[in-house]
Amino acid sequence: MLGLLREIGTAPGQRFILGEHTRRFEDLLRESLGAADVVACGSGTSALGLVLTAMGVGPGDEVVVPAFGCAPLAASVVLRGATPVFADIHPRTMVADPDEMERRITARTKAIMPAHMFSVMADMPRFAAIARRWGVRLVEDSAVAQGATLDGVPAGLWGEAGVFSFVQVKSFGMPGEGGAVVTRDAEIGRRVRMLRNHGQDGIRRFVHHVVGHNSRFDEIQAAFQSRRLAGFPQRLERRAAIAAYYTERFAALSTRGVVPPPPGLNGRCYYVYAVLAQRREELEKHLLHRAIGSHAYYPLPLPRQAAFAPFTGPQDRWPNAERASAQALALPVYPHLTDAQVEYIADAVCEFAGK
Ligand SMILES: Cc1ncc(COP(=O)(O)O)c(C=O)c1O
């Protein structure tokens, strides 16, 4: 890293954003995915916004999003002047339920935006079929699923456009903010490229074709990520092995109030490993007592957040999202854990559940 800093800091061009390192990083990702384009940008949140804007989402439009997940899923829609419509999730995998999303489609729906959640990818073949059936756009929030594949297709390429996040906690996190739009549609790529840099086309400076944003990518981070890309599959493999071990150990706990994700390898991502625990606070304390960190992701469903409640109706209900918010607990799954640590964590959870 120090070498990269020196190299980029002392290069004659003094180019610190959107230079050759960013281009190379984008090319590496594009080639490894088989995408039409990859556009590195300021964050995963920004990537979602750029995609929605590139698709022309705006006032009067609705975008169906999962009721359980991170704030940018809804905020990116609201910030385009459109309305997020919240669909309930699958009770065990916690990803958006295709039937629920389809039920929420109206004449005003411009796009559906399923998100991969924790360790399970959304059912993208069904979402693709729903988007085709209703003639709506398909945005894939694959921010947490870089490196995952479903039926041989990489996460990010199921939708017309997908996104990655490189924020520190993600599987391919880095020391700073960053994200990418990945797409199999070259035209979306072209528009996003303009939108990320004030509507310029990359050929002539200070000529603005559209109203854009500042969502540019840092050269030092690009060089850093390009170096680390080669080791990414091994780190994902290690995460997968840890997740598989937990799932096997926890299989017998389902009837004892701790439900692991379903077993399997197809359509899996390993950003966060979350169980559903009926006595979540007690499990959290039990683990903490043994010096094991855990984290309750999303203590409120999105439509129950003060920020997004104005976009809901009085009769709206999301029972599975409510349950996930009350029960989901993430366990350590990072690749540097030793086998002994993984076993210690699994033992502690099993001990809690009385197994
Ligand atoms: C599903 C999902 N979408 C979008 C984002 C936004 O990514 P970022 O934090 O890079 O803005 C995140 C992570 O924070 C996420 O988990």
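Let's begin with two strands: S10 and strand S11 (residues 273–277) lie side by side in the antiparallel sense, joined by two bridges. Before going on, keep in mind that this is a predicted model. Within the pair, Val259 stands opposite Leu276 in S11.

These strands belong to an open sheet of three, in the order S10-S11-S12, with antiparallel pairing. Which strands sit at the edges? They are strand S10 (258–259) and strand S12 (328–331), each of which pairs on one side only. A helix joins the picture here: H10 (residues 280–289) packs on the sheet and touches S11 and S12. The direction of H10 makes about 20° with that of S12.

## The seven-stranded sheet

Now turn to another sheet. Seven strands form an open sheet in the order S1-S9-S8-S5-S4-S2-S3, and the pairing is mixed. Strand S1 (37–41) and strand S3 (83–87) stand at the edges with a single partner strand each, so one side of each has no neighbour in the sheet. On average, and ignoring direction, neighbouring strands of this sheet are turned by 25° against each other.

## Walking across the strands

S1 and strand S9 (residues 179–183) run antiparallel and are joined by five bridges. In this pair, Ala40 stands opposite Ala180 in S9.

Further along the order, we find parallel pairs. S5 and strand S8 (residues 161–165) pair in the parallel sense over two bridges, and Val139 has Ala161 in S8 as its bridge partner. Strand S4 (residues 109–112) and strand S5 (residues 137–140) also run parallel, with two bridges joining them.

Val63 stands opposite Ala111 in S4.

Helix H2 (residues 20–33) lies across S1, S8 and S9, running at about 140° to S1. Helix H3 (residues 44–54) packs on the sheet and touches S1, S5, S8 and S9. The direction of H3 makes about 165° with that of S8.

## Helices against helices

Two packed helices are described by the angle between their axes and the distance between the axes. With that in mind, take H2 and helix H8 (residues 219–229), which pack at an angle of about 35° with their axes 8 Å apart. H2 passes H8 in a left-handed crossing. On the H2 side the contact includes Phe25, Leu28 and Leu29, and on the H8 side it includes Ala222, Ala223 and Leu229. By class, this contact of H2 with H8 has six nonpolar, four polar and three charged residues.

Next come H3 and helix H7 (residues 186–195), whose axes come within 9 Å and cross at roughly 120°. H3 and H7 are therefore oblique to each other. The crossing of H3 past H7 is right-handed. Leu50, Val51, Thr53 and Ala54 of H3 make the contact with Arg191, Val192 and Leu195 of H7. Five of these residues are nonpolar, one is polar and one is charged.

## One last pair

H9 passes H12 in a right-handed crossing.

Which residues of H9 meet H12? They are Arg238, Ile242, Tyr245, Tyr246, Arg249 and Phe250, and the H12 residues they meet include Val342, Ile345, Ala346 and Val349. The residues of the contact of H9 with H12 divide into nine nonpolar, no polar and five charged.

Definitions and conventions: Residues are numbered from 1 along each chain as its sequence is written. This is a predicted model: local features need pLDDT of at least 70, side-chain atom pairs count only at pLDDT 80 or more; totals for chains, interfaces and linings use all residues. Side-chain values use heavy atoms; hydrogens and water are left out. A crossing is left-handed if the near helix is turned anticlockwise from the far one by less than a right angle, and right-handed if clockwise. Helices (H or I, at least four residues) and strands (E, at least two) are DSSP runs, numbered from the N terminus. Contact means heavy atoms within 4.5 Å. Ala, Val, Leu, Ile, Met, Phe, Trp, Tyr, Cys and Pro count as nonpolar, Asp, Glu, Lys and Arg as charged, and the others, Gly among them, as polar. Two strands pair if DSSP finds at least two bridges between them. Axes are lines fitted to C-alpha atoms, for helices over the stretch in contact, and angles run from 0 to 180 degrees between N-to-C directions. Angles under 35 degrees count as roughly parallel, over 145 as roughly antiparallel, 65 to 115 as roughly perpendicular and the rest as oblique.
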